[in-house]
Amino acid sequence: MFWRVTLGIVASIVMGTPEASAEPSLAEYAVVRSNEQSQEASALADAVGDLCDRQIVMIGENGFHGDGRTAAFKSDLVQQLVNRCGFNVVMFESGRYDFVAIQRQARRGEPVTHDMVKAAIGGIWNQNAEIQPLIDFLRDEVNARRITLAGLDDQLGSRGSFYSLEAMPLEMAGYLESDRRETCGRELKRRIWSAYSSAEPYTEAVRSDLLQCLAEVEAALPIEAAADRADMLTLVANYRRALARDFTPPADRLPARDASMFQNLEAMTASAGGAAPKVIVWAANGHIAREPVPGGPFAGSRNFGAHVHERYGARAYALGFSAVEGSFRFDAGKSRDIAPAAEGSLEARALIHAETKADAAFRPSSWLQLQGRLPGSAFDDHQPVTANWDRHYDGVVVFRAERRPYRLDEL
């Protein structure tokens with residue numbers, strides 16, 4: 001495959017050997033990443049300096065979540081923001097549910113493991129070699145009670161989840177009387193797994209029954225153990241919002257999902273108590289942009305970033321990511337090439353025409369304002385769009401060449 005050969009060549013160049021295996025390996029990744037970090041040091045320092053004093057920092061990526069270099073840079077960025085700038089909440093564009101279980105584990109003084117954090121983050125990212133150091137870092141910070149981990153999304157059925165696939169529906173139904181416990185537990189789990197067929201389809205009536213189960217769970221929650229009750233109310237509310245989109249038109253589904261993600265951000269900031277928390281949000285470029293892409297999937301509606309900037313103003317920061325060229329992971333075993341940046345594009349001006357030989361550059365809002373309206377690929381999927389980029393991002397990171405991630409499940 002293209003990416004396997006390309007990364008083997010990159011490693012041989014970095015190591016100065018005449019040739020290297022075309023098959024990627026963790027040893028190869030370590031060499032490639034070390035070289036990248038030396039090229040990114042200035043961009044990383046500049047980004048940290050620009051983001052450090054904000055309250056809500058949103059860091060984006062390609063909408064297919066298949067950018068390896070971006071993921072590695074973001075992993076380093078998150079650790080710097082926590083260690084140097086006092087950020088104490090990290091939220092992923094992942095299901096809320098397993099992160100609630102992690103929060104409960106930490107609150108009870110029980111150890112949070114690497115595998116729990118990895119499972120909660122989800123398979124889109126958790127098999128990337130690029131974020132394995134971040135997973136360990138987040139585990140240690142959670143266990144030391146220095147940060148809170150949270151999920152942004154209400155979507156159900158994340159593969160490999162340690163809590164929401166099996167234990168959660170049983171725990172929810174466990175509050176009910178015996179005559180309803182088995183029925184609701186079975187049906188709540190069935191929807192999580194989408195275990196429907198042509199003989200037993202998912203219908204409005206089925207959804208209505210699920211909503212009734214959730215209402216009964218909510219009503220049955222004991223008033224004692226307020227923190228545990230709040231956890232369960234969070235799970236019920238997210239499950240309910242996911243169900244609410246099941247039969248909505250596709251054009252309305254994405255804006256509603258982003259509105260739900262914003263509700264989860266608001267719930268996290270409201271529950272912190274004391275000083276306002278400093279929050280890092282890890283999500284796609286299209287979600288975190290200050291305004292959605294013109295003519296894009298939000299169709300005149302607001303994305304998550306628009307909600308955030310309306311609420312938090314200058315306290316919020318949207319950092320977009322793009323690349324001059326390269327490739328990204330589209331699906332398991334599949335890559336897509338990134339069309340080389342056009343002359344005069346955002347990416348070309350950020351790196352090709354700049355007086356830098358580095359492989360990465362950070363460009364702040366002041367630089368974006370000076371560029372005016374021009375083509376660029378810093379929205380989703382590396383597809384060029386013409387825009388005034390300062391309206392969408394407070395800063396951008398541009399790489400000379402993006403690459404797909406080193407996946408542990410594909411090595």
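A loop residue and its surroundings

Modeller: Look for Arg145 in the loop between helix 6 (132-143) and strand 3 (148-153); helices here are DSSP runs of H or I with at least four residues, strands are E runs of at least two, and both are numbered from the N terminus. Before we go on, this is a predicted model, where local features need pLDDT of at least 70 and side-chain atom pairs count only at 80 or more, while totals for chains, interfaces and linings use all residues. Residues are numbered from 1 along each chain as its sequence is written, and side-chain values use heavy atoms, leaving out hydrogens and water.

Back to Arg145: its phi is near 60°, which is positive even though the residue isn't glycine. Arg145 is also exposed, because its relative accessibility is 55% (exposed is over 50%, buried under 20%, with a 1.4 Å probe and protein chains only).

Now hop over to His382, in the loop between strand 9 (373-376) and strand 10 (385-388). His382 is another non-glycine residue with a positive phi, near 60°. His382, though, is buried, with a relative accessible area of 6%.

For a look at how helices sit together, take helix 4 (residues 96-107) and helix 10 (residues 226-244), which pack at about 175° with axes 10 Å apart. That makes the two helices roughly antiparallel (an angle over 145 degrees).

Note on methods
Axes are lines fitted to C-alpha atoms, for helices over the stretch in contact, and angles run from 0 to 180 degrees between N-to-C directions. Angles under 35 degrees count as roughly parallel, over 145 as roughly antiparallel, 65 to 115 as roughly perpendicular and the rest as oblique.
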